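Dear colleague,

Please find below the structure I wished to hand over to you. My notes on it follow directly after.

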Amino acid sequence: MARSYVREARRRVGPKKERVRPVIERLKAAHADAAIALRFRSPLELLVSVMLSAQTTDVNVNRVTEKLFVKYRRPEDYLAVPPEELERDIYQTGFFRQKAKALRGTMKMLLEDFDGEVPRTLDELLRLPGVARKTANVVAAELGSPQGVVVDTHVRRLSQRVGFTKQEDPVKIERDLQRLVPREDWGVFPHLLIWHGRRVCIARAPQCAECVVNDLCPSSRI
Ligand code: SF4
């Protein structure tokens, strides 16, 4: 019964290849301000912010980095203080020991292998200690050269709801989205889903009646 209902809903909205562009266009119009919520003024600050944002909120990271970026301006600065001092300075973002270790390792590699600059390619970013695929994808996209699609909890939930993927694993979801979403939208697409997920398609109470893509969504409740 439930399965035939889902099949019927999918038939009603049509194939995802035909829906993806209108969904993106409508979400762009509805969330024109959709952008990364982390505050940064340079590629280095971006990289540090994204590394600190694991397991915590962007608001919390911004609170910590406001002071952090006054004290730590260059990769050398992160290595010039004792590890415990860096740990104290990022304590409020949680998992401070692991994060401090990752930051120090990353700064060392930036200096040794990248002339102190943040690299742009996914492969290079993934070489940095403590930089996983999601972090690398966010940094590459914000630096203007998205090479993948960032999959966080909102992106995963909304991609499933609008019928763009049936997968559960983030790597497989990203693969589905890379096949579906036009490359020029790889950078903005996650922001659109994140903002739509926060404002309209809320996890426990989706506001389907207010949703600009309700006629294109197989999970619509109206
Ligand atoms: S129609 Fe409902 S379930 Fe579908 S995206 Fe909109 S709010 Fe979410």
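This is a predicted model: local features need pLDDT of at least 70, side-chain atom pairs count only at pLDDT 80 or more; totals for chains, interfaces and linings use all residues.

The bridge links distant parts of the chain, since Glu 87 lies in helix H6 and Arg 97 in helix H7, 10 residues apart. Arg 97, by contrast, is exposed, at 56% relative accessibility.

Glu 87 is one of the buried residues of H6, together with Leu 86 and Ile 90. These residues lie on the same side of H6, because they cover an arc of only 105° around the axis. Their packing partners are helix H3 (43–52), H4, helix H5 (75–80) and helix H7 (96–113).

As to H4 (residues 58–71), its axis is 9 Å from that of H6 (residues 83–90), and the two helices pack at an angle of about 145°. H4 contributes Val 64, Leu 68 and Lys 71 to the contact, and H6 contributes Glu 85, Asp 89 and Ile 90. By class, three of the contact residues are nonpolar and three are charged, with no polar residue.

**Other salt bridges**

The model has 16 salt bridges. In one of them, the closest N and O atoms of Arg 26 and Asp 215 are 2.7 Å apart. This pair also links distant parts of the chain: Arg 26 is in helix H2 and Asp 215 in the segment after helix H12 (188–199), 189 residues apart. Both partners are partly exposed, Arg 26 at 30% and Asp 215 at 40% relative accessibility.

Lys 28 and Glu 25 form another salt bridge, with a closest N to O distance of 3.8 Å. They are separated by about one helical turn, because they are three residues apart in helix H2 (residues 16–30).

**A buried serine and the ligand shell**

Ser 49, in helix H3, is buried at 0% relative accessibility. Beyond its neighbours within four places in sequence, Ser 49 is in contact with Leu 38, Arg 39, Phe 40, Val 61, Thr 65 and Phe 69.

Finally, the residues around the ligand include Arg 161, Val 162, Pro 206, Asn 214 and the cysteines Cys 201, Cys 208, Cys 211 and Cys 217. By class, this shell has six nonpolar, three polar and one charged residues.

With kind regards

Notes. Residues are numbered from 1 along each chain as its sequence is written. Side-chain values use heavy atoms; hydrogens and water are left out. A residue is near a molecule or strand if one of its heavy atoms lies within 4 Å of it. Ala, Val, Leu, Ile, Met, Phe, Trp, Tyr, Cys and Pro count as nonpolar, Asp, Glu, Lys and Arg as charged, and the others, Gly among them, as polar. Axes are lines fitted to C-alpha atoms, for helices over the stretch in contact, and angles run from 0 to 180 degrees between N-to-C directions. Helices (H or I, at least four residues) and strands (E, at least two) are DSSP runs, numbered from the N terminus. Contact means heavy atoms within 4.5 Å. Buried means under 20% relative accessible area, exposed over 50%, partly exposed in between (1.4 Å probe, protein chains only). The arc is that of the directions from the helix axis to the C-beta atoms. A salt bridge is a side-chain nitrogen of Lys or Arg within 4 Å of a carboxyl oxygen of Asp or Glu.
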